[in-house]
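Thanks for coming. Please bring up the sequence and the model before I start.

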Amino acid sequence: MTDPNLDLQESGWEELRKEARKIEGDLDVKLSSYAKLGARFTQGGFPLSFRYTGSPTLGSSRSWKSMVIEIQSLLEKLLDINDAMSRCAASAAPTTSVTQKLARHRDILHEFTQV
């Protein structure tokens, strides 16, 4: 007979991993869009601000700021999910598989914060 607490922990772990993968995918898309938006403001390797004293349009500035806020929010959510996965793994006897998956999600978060 299986332990109901173990089943609950496993389903909680899988839900957390599912959410982590979703956020990681969302971050990947947002960072790609952020890079494309940044490329629009760059010509010849120099940001617009180095080429003239004007500034990008108000609309593009809002897009930029909005995207930064969204990325920061997703990073915070991913950090929270990683912390929850760590607690979930610690509350059960973690298997090698769980430990490896948790380490991979931590690596992904680290990579995103280094961008």
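I will go through a histidine, a core, a serine and a ring pair, in that order.

This is a predicted model, in which local features need pLDDT of at least 70 and side-chain atom pairs count only at pLDDT 80 or more, while totals for chains, interfaces and linings use all residues. Residues are numbered from 1 along each chain as its sequence is written, and side-chain values use heavy atoms, with hydrogens and water left out.

Start with His105, which sits in helix 4, residues 96-113. Helices here are DSSP runs of H or I, at least four residues, numbered from the N terminus. Is His105 buried or exposed? His105 is buried, because its relative accessible area is 4%; buried means under 20%, exposed over 50%, and partly exposed in between, with a 1.4 Å probe and protein chains only.

Which side chains make polar contacts with the side chain of His105? One is Glu24, at 2.7 Å, and another is Arg17, at 3.3 Å. A polar contact is a pair of N or O atoms within 3.5 Å; within protein, one must be able to donate a hydrogen and the other to accept it, and residues adjacent in sequence count only if both atoms are side-chain atoms. Not counting residues up to four places away in sequence, His105 also touches Ala20, Arg21, Asn82 and Met85, among others. Contact means heavy atoms within 4.5 Å.

Met85 comes up again in the largest nonpolar core, which has 22 residues; Trp13, Leu27, Leu78, Met85 and Phe112 have the most contacts inside it. Helix 1 (4-40), helix 3 (58-91) and helix 4 each supply at least two residues of this core, and helix 3 gives the most, with 10 residues. Such a core is a set of buried Ala, Val, Leu, Ile, Met, Phe, Trp, Tyr and Cys residues joined through side-chain atoms within 4.5 Å. Leaving aside neighbours within four places in sequence, Leu27 is in contact with Ile71, Leu74, Leu75, Leu78 and Phe112.

Next is Ser86, in helix 3. Ser86 counts as buried because its relative accessibility is 19%. Beyond four places in sequence, Ser86 is in contact with Leu102 and Arg106.

Last, the rings. Rings of Phe, Tyr and Trp (its six-membered ring) pair if their centres lie within 6.5 Å; planes under 30 degrees apart count as stacked, over 60 as edge-to-face and the rest as tilted. The count comes to one aromatic pair. Tyr34 and Trp64 have ring centres 4.8 Å apart and planes at 40°, so the pair is tilted. Tyr34 is in helix 1 and Trp64 in helix 3, 30 residues apart.
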